[in-house]
Each structure stands twice: as structure tokens, then as C-alpha cells.
Amino acid sequence: MLGGDSEITAIIDEGCKFEGNLSFSGIARVAGIVTGSVFSNDTLIISQGAIINADINANIIIIFGSVKGNIKASSRVEIRSPARFEGTIATPSLLVEEGVIFHGTTKMRDKK
């Protein structure tokens with residue numbers, strides 16, 4: 001999933017709730033509840049049990065939890081079981097694992 005030198009630089013852990021505009025550098029992991037919008041030039045990992053009601057714009061987005069919103073990823077989106085997704089995805093690369101619940105639309109585009 002992540003390279004050997006990768007290090008998580010931001011965590012919203014289980015039991016935490018964030019409302020508003022979240023912006024970060026580096027790799028972030030969300031296991032809590034986020035409402036609003038999320039922006040990063042790096043990687044966002046949404047852990048199993050996380051609940052995200054937000055528009056997300058990041059380089060790489062990996063989802064194991066529940067996401068409702070619009071996603072724009074400049075590199076790729078991975079939706080891993082047992083994730084639930086509702087919304088739209090715009091990305092050049094999309095992986096949806098068996099067992100995922102997906103209600104939405106995708107817009108595939110070439111990498112810039």
C-alpha cells in the first residue's frame with residue numbers, strides 16, 4: 001500500500017471529530033469523523049470505521065471506511081473492502097475491490 005520510506009504525518013484518530021476545511025502536507029490517516037473538505041498534495045488514507053462527509057482533493061486517496069462526497073485525485077483512488085462510497089470520483093486510475101459498496105459515478109482522465 002505505501003512505500004517503505006513513507007511516514008504518516010497527520011492523524012485524525014478514532015473518536016475524533018473534525019468539521020471544516022482540512023489541509024495537510026505528507027501522508028494523513030483518518031479514522032474518525034470528518035465533515036467539510038479535505039485538501040492535500042500527497043496521500044490520504046481513510047481507515048475502516050472512519051466516516052467522511054466531505055469533498056476530497058488529493059494526489060492518492062485510499063478508502064477502507066465510509067465516504068460521501070466528491071473526490072478528485074491527481075494520481076489514483078483505491079477503494080478497498082469493506083469501504084462504502086457515495087458520490088463522484090475524478091481520477092486517472094481507479095481500483096474498486098470486491099465487497100465494496102459503490103453508489104456513484106466516475107470520470108476517468110489522463111494524468112497531466
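Glu97 is partly exposed, because its relative accessible area is 30%, which falls between the 20% limit for buried residues and the 50% limit for exposed ones. The model in which we look at this residue is a predicted one. The side chain of Glu97 meets that of Arg80 in a salt bridge, with 3.0 Å from N to O. Since Arg80 belongs to the loop between strand 7 and strand 8, while Glu97 belongs to the loop between strand 9 (94–96) and strand 10, the pair ties together parts that are 17 residues apart in sequence.

Arg80 is partly exposed, with a relative accessible area of 24%, whereas Glu78 counts as buried because its relative accessibility is 8%. Through salt bridges that share partners, Arg76, Glu78, Arg80 and Glu97 are joined into one network. In the whole structure, a search finds six salt bridges, and one of them, between Glu19 and Lys17, has an N to O distance of 3.6 Å. Glu19 counts as exposed, because its relative accessibility is 57%, and Lys17 counts as exposed at 59%.

From the loop that holds Arg80, we can turn to the strands on either side of that loop. Strand 7 covers residues 66–79, and seven bridges join strand 7 to strand 8 (residues 84–91), the two running parallel. Within this region, Lys72 stands opposite Ala90, a residue of strand 8. Strand 8 also pairs with strand 10 (residues 101–108), again in the parallel sense, over eight bridges, and Glu86 has His103 in strand 10 as its bridge partner. In the loop between strand 7 and strand 8 we also find Pro82, and the peptide bond that leads from Ser81 to Pro82 is cis, with omega near 15°.

Strand 7 also contains Ser75, which counts as buried because its relative accessibility is 19%, a value under the 20% limit. The side chain of Ser75 is joined to the side chain of Asn59 by a polar contact of 2.6 Å. Although Ser25 and Ser40 are 15 residues apart along the chain, their C-alpha atoms are separated by 6.0 Å.

What, finally, lies in the largest nonpolar core? This core has 25 residues, and those with the most contacts inside it are Ile46, Ile52, Ile56, Ile61, Ile63 and Ile71. At least two residues of this core come from each of strand 2, strand 3, strand 4 (33–40), strand 5 (43–46), strand 6 (51–63), strand 7 and strand 8, and strand 6 supplies the largest share, six residues. If we leave out residues up to four places away in sequence, Ile61 touches Leu44, Ile46, Ile56, Ile71, Lys72, Ala73, Arg76, Val77 and Glu78. With Arg76 and Glu78 we are back at the salt-bridge network that also includes Glu97, the residue with which this walk began.

Notes. Residues are numbered from 1 along each chain as its sequence is written. This is a predicted model: local features need pLDDT of at least 70, side-chain atom pairs count only at pLDDT 80 or more; totals for chains, interfaces and linings use all residues. Side-chain values use heavy atoms; hydrogens and water are left out. Helices (H or I, at least four residues) and strands (E, at least two) are DSSP runs, numbered from the N terminus. Buried means under 20% relative accessible area, exposed over 50%, partly exposed in between (1.4 Å probe, protein chains only). A polar contact is a pair of N or O atoms within 3.5 Å; within protein, one must be able to donate a hydrogen and the other to accept it, and residues adjacent in sequence count only if both atoms are side-chain atoms. Two strands pair if DSSP finds at least two bridges between them. A nonpolar core is a set of buried Ala, Val, Leu, Ile, Met, Phe, Trp, Tyr and Cys residues joined through side-chain atoms within 4.5 Å. Contact means heavy atoms within 4.5 Å. A salt bridge is a side-chain nitrogen of Lys or Arg within 4 Å of a carboxyl oxygen of Asp or Glu.
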